Structures are given as structure tokens and as C-alpha cells.
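Open the model in your viewer and keep the selection panel at hand. The stops below are meant to be taken in order.

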Amino acid sequence: MKSMRFIVPTGLILLLIWLYALIPNAIVITETASISSSERAVSFFLTTKGGRNKWWPGKSFKKADSAFEYSSFNNYTYIIRPGNYSELYIEIRKDDFTGEGKMSFTVTGPNRVEIKWLTETITGLNPFGRIRNYLDAKKASGQMEAVLRHLKLFLEDERKVYGISIRKQAVSNPLILTMKKVSSRPLSTPEVYKMIAELKVYISESGAKKIGDPMLNSSRTGENEYQTMVGIPINKDVKGTGKIHIKRMLKNGIMLVTEVKGGRNTIDKAFAELENYKEDKSLASPAIPFESLVTDRLAEPDTSKWITRIFYPIY
């Protein structure tokens, strides 16, 4: 009996020693993802609330401080606090499990980044709690991997990153008859179409034919100064006048193209996303971008029904 009483405590002590040696007091979970996307896009969609809400697999709730809480993703809660341009701090919670750490990214090549998520959790001194926290940490690792998978799928889908469908197209109609006007305010739709009407009359008088929709570029050139240029693709070269000119685009030159439906805000947002695309891909532009007015805006006053094709020359 004495030997049995001695063996049991000794075995228990050896089991505890083995347990504490196998499961450390602090467990660090590391998950990584290699993503084909730009540094700008990764920073925006990772470190800003507006960006994260487009891909994070859970609902967002604003907390009392600067943190945001994401929940309802497999019953895990994520408390996110802002960091800097390339990182943010994340606390993971579920029942009795808590892990704290950060998600950050580094650029590993042209349009290539690696995202790393480190989380640390304390297992505690209680042997049963230590085992439970160890198992919870294994499950949390799987959840972290799932979140990074969501991010990777999102960032590698250009339609989701830019919110528009962007394609490349060669210039097929290089001759553009143009007219421009400088004003102290943006021109109204009737004023724009008055300029377009003048071009149509000149095309007819010159024996040429229009072979595309009217084009528009409007920009602010100074304080209380705006420049509006309209154009119409034509089938042959014609002689210009004092205010009507022929513009020759590079034959087979490349343009970014997208098509949107909506008014001025929608169109301006599409221009901004094409700018982002150009920056992300390290492209340059040899000429100004322009709108192709697929819808006759003079005949359709409802801007939500306007269809606009946007062309952005690049090289």
C-alpha cells in the first residue's frame, strides 16, 4: 500500500511536468498569406474601417474608444485598434479564450505583399485550463487562417478592389474632332451638348462621318476656372478652324476602359479608381482621359440612367 501511495503522486507529478513542458505558458499563433495586390490597396483594405468592412467576414460595431468590434464570424469576436500604414492590433475573444496581437504586411515584390498575423495567448497555471486554452488556441489559428483567406480572395479580385470592371483596349478611332471652352464654372448639360451640336454641324459640312459617341473631358484649371473639351470620333481627316481642331490619338495605343451607370458622383468615383489602378500598376498616361457619352444626357434627365464609358490612355 505504501508503494502504491508513492507511485500515484509520483505519476501525477510526472504527468504535470510533462504537461507544463508540452504546453508553454504563452502560445504564439502565426498565420501568413502571400497576396498578389498593390501596397496601396492592401494598406487601405487592411488598416481602414471603410476598407475592412468590404471584406471582413463579420459585422462591425463601433466601440467607445477608437476600436472596432467584428463579431458573428463562427462565434469569435475581434477587437481591432488602429496601428499605422501597415499594421493594426487585434484582440480575439471566444468564451474564456483571449488572444492579443497584430496583423501587418510587408512588400515582397512588384504588386506582391505578405501579410502576417501574430496572436499571443496565456495558457495559465491551472492544468485543466492550460489544456483548454491550448485547444482553443488551435481553433483560433484556424479562424485566423479563414480570415486571411477571405482577405486574399478579395484583394486578388480586381473587380472587388476597384469596384468597377477594368479592361485594356487598343485605340481604333484615332481621329477626334474637338472643341474646348474655358469658363468660370462647370458647364451645364445643355451647354455641353450645344458644343457637341456645333461639332456635328461641322462634321456634316466637311463631308465626314461620326463613328463614335460624343466625348467629354472637364477639369478645373485654376481658381474659378474650368476647361471643358468635347470631341467626336470621325472617319477621316478634316481641316480645323480657330476653335475646332483635329486630335490624333496613337493608332493601336492602349487605353483602360470601364463602363458605369449613374450620375456625376458615380463617374467621378470611376475616374478615381482608374487613377488608383494606374498607380497600382505603375502605368503612365500620354493623354487626358475622357468620358464617352453613351446615353444622350440631354434627352435623359434622370442621371441614374446615364451610361458612360470612360477611356484612360496609358503606356
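This is a predicted model: local features need pLDDT of at least 70, side-chain atom pairs count only at pLDDT 80 or more; totals for chains, interfaces and linings use all residues.

**Stop 1: the main core**

Select Trp56, Tyr78, Ile90, Trp117 and Leu155. These are the residues with the most contacts inside the largest nonpolar core, which has 46 residues. Helix 4 gives the largest share of this core, eight residues. Another core, of 20 residues, lies apart from it; Leu175, Ile196, Tyr202 and Ile234 are among its members. As background, nonpolar side chains in soluble globular proteins tend to be buried together.

**Stop 2: around Trp117**

**Stop 3: the ring cluster**

Now show the aromatic rings. The count comes to 10 aromatic pairs. To describe such a pair, one gives the distance of the centres and the angle of the planes. Select Trp55, Trp56, Tyr70, Tyr78 and Trp117, which ring pairs link into a cluster.

Trp56 sits in the loop between helix 3 (49-52) and strand 2 (59-62), while Tyr70 is in strand 3 (residues 68-73), so the pair ties together parts 14 residues apart in sequence. Are these two residues buried or exposed? Trp56 is buried because its relative accessible area, 5%, is under 20%. Tyr70 is buried too, at 1%.

**Stop 4: a stacked pair**

Select Phe290 and Phe311. Here the ring centres lie 5.2 Å apart with the planes at 20°, so this pair is stacked. Phe290 belongs to strand 14 (residues 290-293) and Phe311 to strand 15 (residues 307-314), so the pair ties together parts that are 21 residues apart in sequence. Phe290 is buried, with a relative accessible area of 10%, and Phe311 is buried at 9%.

**Stop 5: a surface patch**

Switch to a surface display and select Ile131, Tyr134 and Leu135. Together they make a nonpolar surface patch of about 240 Å². Tyr134 itself is partly exposed, with a relative accessible area of 31%.

Methods. Residues are numbered from 1 along each chain as its sequence is written. Side-chain values use heavy atoms; hydrogens and water are left out. Patches are made of residues with over 30% relative accessible area and no salt bridge: like charges are joined within 9 Å, nonpolar side chains (Val, Leu, Ile, Met, Phe, Trp, Tyr) within 5 Å. Accessible areas come from the Shrake-Rupley method with a 1.4 Å probe; for residues, only the protein chains shown count as cover. A salt bridge is a side-chain nitrogen of Lys or Arg within 4 Å of a carboxyl oxygen of Asp or Glu. Buried means under 20% relative accessible area, exposed over 50%, partly exposed in between (1.4 Å probe, protein chains only). A nonpolar core is a set of buried Ala, Val, Leu, Ile, Met, Phe, Trp, Tyr and Cys residues joined through side-chain atoms within 4.5 Å. Helices (H or I, at least four residues) and strands (E, at least two) are DSSP runs, numbered from the N terminus. Rings of Phe, Tyr and Trp (its six-membered ring) pair if their centres lie within 6.5 Å; planes under 30 degrees apart count as stacked, over 60 as edge-to-face and the rest as tilted.
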